[in-house]
There are 6 protein chains.
Amino acid sequence: MPTSLLLRGAFIGRFQPFHLGHLATVKYALRSVRELIIVIGSAQKSHEPRNPFTAGERIEMIRDSLQADKEISIDKILLIPVPDIEIHGLWTREVDLLVPRYEIIFTNDRFTRQLYLERGFKVKEPTMCRREELSATEVRARIAEGKEWKELVTFQTATIIEEIGGVERIRQLNNLGP
Amino acid sequence: MPTSLLLRGAFIGRFQPFHLGHLATVKYALRSVRELIIVIGSAQKSHEPRNPFTAGERIEMIRDSLQADKEISIDKILLIPVPDIEIHGLWTREVDLLVPRYEIIFTNDRFTRQLYLERGFKVKEPTMCRREELSATEVRARIAEGKEWKELVTFQTATIIEEIGGVERIRQLNNLGP
Amino acid sequence: MPTSLLLRGAFIGRFQPFHLGHLATVKYALRSVRELIIVIGSAQKSHEPRNPFTAGERIEMIRDSLQADKEISIDKILLIPVPDIEIHGLWTREVDLLVPRYEIIFTNDRFTRQLYLERGFKVKEPTMCRREELSATEVRARIAEGKEWKELVTFQTATIIEEIGGVERIRQLNNLGP
Amino acid sequence: MPTSLLLRGAFIGRFQPFHLGHLATVKYALRSVRELIIVIGSAQKSHEPRNPFTAGERIEMIRDSLQADKEISIDKILLIPVPDIEIHGLWTREVDLLVPRYEIIFTNDRFTRQLYLERGFKVKEPTMCRREELSATEVRARIAEGKEWKELVTFQTATIIEEIGGVERIRQLNNLGP
Amino acid sequence: MPTSLLLRGAFIGRFQPFHLGHLATVKYALRSVRELIIVIGSAQKSHEPRNPFTAGERIEMIRDSLQADKEISIDKILLIPVPDIEIHGLWTREVDLLVPRYEIIFTNDRFTRQLYLERGFKVKEPTMCRREELSATEVRARIAEGKEWKELVTFQTATIIEEIGGVERIRQLNNLGP
Amino acid sequence: MPTSLLLRGAFIGRFQPFHLGHLATVKYALRSVRELIIVIGSAQKSHEPRNPFTAGERIEMIRDSLQADKEISIDKILLIPVPDIEIHGLWTREVDLLVPRYEIIFTNDRFTRQLYLERGFKVKEPTMCRREELSATEVRARIAEGKEWKELVTFQTATIIEEIGGVERIRQLNNLGP
């Protein structure tokens, strides 16, 4: 059995909302680790234009999406919300305290990446296809502008966003409500 | 299919550490809910006599214990750390934001129980057998005093406590180190 | 006696500073509620370009203005400062804990409005006359630029701003001091 | 007109709950000041044995009690909740920012008193009659133990405590519930 | 001996990083005070484009620079980090609690200056030569863009920035890494 | 030159107040390190029975004491206040960010000691002579009870405590004032 399969990895993001690019990263990560912790960052934020969804809502989106995906075994996944910390330089140390031990990082966030690199961690930054489209910024913008956005997310993410009134919420927070 | 099986429940505690009484509650809860969120309270605390373990360590203890138990299906469990909140009366509202939606509460904590009751929630307080022994307070006391403590916890909890130097840590924090 | 007169309402804003548009909203609100709580939001902020005045100063402006107005009975008014909360989605829950019970909301803030709507609250957003002029942003801009600003606020607000050196403060904070 | 009547005073306490001793202090204070700010300290606390009531509930108790008292003119009273501050030595400075300007302090709290004395403030500590009985500690203890407590508080305080289920709450928080 | 030499002064800045303009201010200040407290503001911030260095790193830069300068006697200098405070208007009061007593302020920050002026403090704002170049903003911009930056700082600051990988850090945080 | 002389050490305590035992530890530490950082812990606390003095006052006591001691060269000392951190397990990481790099720890605090030991740090716990007497707890108790306390502290500490009204403050906070 290859050593790499014994590792636990951490995929760190804000997932506002969880989209197909995130899903691809989960699958990519699961090829090299035994268990994957999905760290939901800025967990204390919600109801803002840049952070419309609560951590609980984001966990529901991710969990439902992964459970429905046949390529993914949900029992290899941990979903853990982590709030921002006032002392910025301690961000990755806070993650250490709130999640099980891990050996490798997956993230696109420059700040997080830099902090882990200074600690000597291995950080993987997956090159994503359709990068411009497949971003949470793009998903939120399309929702705000009333454009087609469901093709960028999983069916489960779309369902939860509608269930919780997420389209209306994003439009209201952007001052575009009726 | 009985309606009750569609519910999601939340089991709220500090799990300092996770012991056989907690395990019994998890099994009891899983008889009436489809999914169980285990809320690790006071998540920001560790390295204190009353709160020796980090949230990450507590998650490892619980996850390993449940994964090894044949009666429990780990994919029905979510493990979510929630820090204390400065405005005490908002504690259960903070839980709402950080975890998926839930309908029923399991807890022995009086403060948590009271807040949920005032909101009209259904709160179950399981009557545990061997209650005096099966408490985290008792486990910590026995570790501090060098008494036999492993019979009160799962094999997995005991293993992790030893792996992370937990016995030594508790003794040091209680000013009983060598 | 009409039922509506038994209600308590909450008028939520930052009041940086209190102006004639706010005064009109107070009068409008008092037509439909028995008591009105004026919630002074972002109470912890002051001495910033967007938030020049302390909560205490804002309370003085509002109280003096309302006491001097013959149409308003000051004993129907409560003035309560509420600081921002780190977990954004709990903002309206924090208001619940810090003020007496209320049944209806008056606010122009989109974030606050959205949170209350999701809770099923009745939210009134008064259409104000002279909306572009009658904004706190406009008042601060005119003070900073040395333009005529007193016509936008009550006599009492103007008096307190001058008493506390508010004109000088705003100019300094905007880097326009002598 | 005597100069003293021009002053604004601040009466600082926790009011857990508001009792007849507090009421006597309000009347005593109103003899020497024009307006009285009642500062509700530890405003962020509630649902604890020592701090059972929210700031909003405490404001209701005080406001209803004072409005019903013929000796007191409610329009001379401001009720302002102030949360504790992490940097303890800044407590009275926080009060300065959140309430209108004041010149004299009424308090029985040693910590608050000391901080104001070091700033050169005038602090009055009213000698209360029936001091042992007329304390919030005594009221809470009697409620917890099921003894007669209503004679220590105003009719309005008693009414609100019953309306919000305060007796039950205190008993539950003290682990004395049914 | 002139009275002014008995004073203690406070030089308040963020020092991101410490540059030749700051050094000139230290020398200028030491001409009028007996001891100088260098207050490192926003001490909790680091690893951000505008605040790349930790307080500890900034203290090292300043201390090494001053120790190497023959005109400066290091035993007249105190270096004290002070984090931002949530209640903005208490910023200078927080400084009061965390540093020894002082009588005069040196700062270019408008917010800090305004707060001290309102307290009646004497605030000196040194007119610096080469002001446009000699700013921390300029130093960070040059580092990010790969331009010559060492001429704007002391030899010691440059050495520490290189030792801790500061050039790489700034480039990464600005999304300009390799 | 022995290698040990190149090290920087950190002496971590609360110094409420600084006494002769602390002074002995400073001298002991300076025998093995080139520079010594004195970390003033719980920097945000003051005006409490257990923490009567502000960080600024404690810095004055220590600085004056060390400057007057012929065996100590003040330019080898850094005095840095560090507030407590909400996430307890990050306490030593917070120290890392706020002070220059260090290699060895001197402390009597069990919590701090345990956290550093888990990180693999070298921690020295000096065995003090007259340990029961030479404790800050003893100094505060003697001041509160009006007993002879000056023999336990330096002349400079005693002077500052008297200058700032510290005897009176401690007595008031312990409810023993006149």
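Q: What ground rules apply to the model and its numbering?
A: The model is predicted: local features need pLDDT of at least 70, side-chain atom pairs count only at pLDDT 80 or more, and totals for chains, interfaces and linings use all residues. Residues are numbered from 1 along each chain as its sequence is written, while chains are lettered from A and ligands numbered from 1 in the order in which they are written.

Q: How is a sheet read, and in what order do the strands of chain E run?
A: Strands of a sheet pair through backbone hydrogen bonds, either parallel or antiparallel. Helices (H or I, at least four residues) and strands (E, at least two) are DSSP runs, numbered from the N terminus. Two strands pair if DSSP finds at least two bridges between them. In chain E, five strands make an open sheet, ordered β3-β2-β1-β4-β5, with parallel pairing. Its edge strands are β3 (77-81) and β5 (122-124), each pairing on one side only. The twist averages 25 degrees from one strand to the next.

Q: How many bridges link β1 and β4 of chain E?
A: Four bridges join β1 (residues 8-13) and β4 (residues 104-107) of chain E in the parallel sense. Across this pair, E:Ala10 stands opposite E:Ile105.

Q: Which strands does helix α1 of chain E lie across?
A: Angles run from 0 to 180 degrees between N-to-C directions, and axes are lines fitted to C-alpha atoms, for helices over the stretch in contact. Contact means that the C-beta atoms of two residues, placed from the backbone, lie within 7 Å. Helix α1 (residues 20-30) of chain E lies across β1, β2 (35-40) and β4, at about 165 degrees to β1(E).

Q: How is a helix with a buried side read?
A: An α-helix has 3.6 residues a turn, so residues three or four places apart point the same way. A residue is buried if 20 or more other C-beta atoms lie within 10 Å of its own, exposed if 12 or fewer, and partly exposed in between; C-beta atoms are placed from the backbone. In helix α6 (residues 155-163) of chain B, the buried residues are B:Thr157, B:Ala158, B:Ile160 and B:Ile161. These cover an arc of only 165 degrees around the axis, so they sit on the same side of α6(B). The arc is that of the directions from the helix axis to the C-beta atoms. The face turned away carries the exposed B:Phe155, B:Glu162 and B:Glu163. Cover for the buried residues includes α2 (55-68) and α7 (166-173) of chain B.

Q: How are chain contacts read?
A: Chains B and A each give 19 residues to their contact. The side of chain B that touches chain A has 13 nonpolar, three polar and three charged residues. Here Ala, Val, Leu, Ile, Met, Phe, Trp, Tyr, Cys and Pro count as nonpolar, Asp, Glu, Lys and Arg as charged, and the others, Gly among them, as polar. No contact joins chain A and chain D, whose closest C-alpha atoms lie 14 Å apart.
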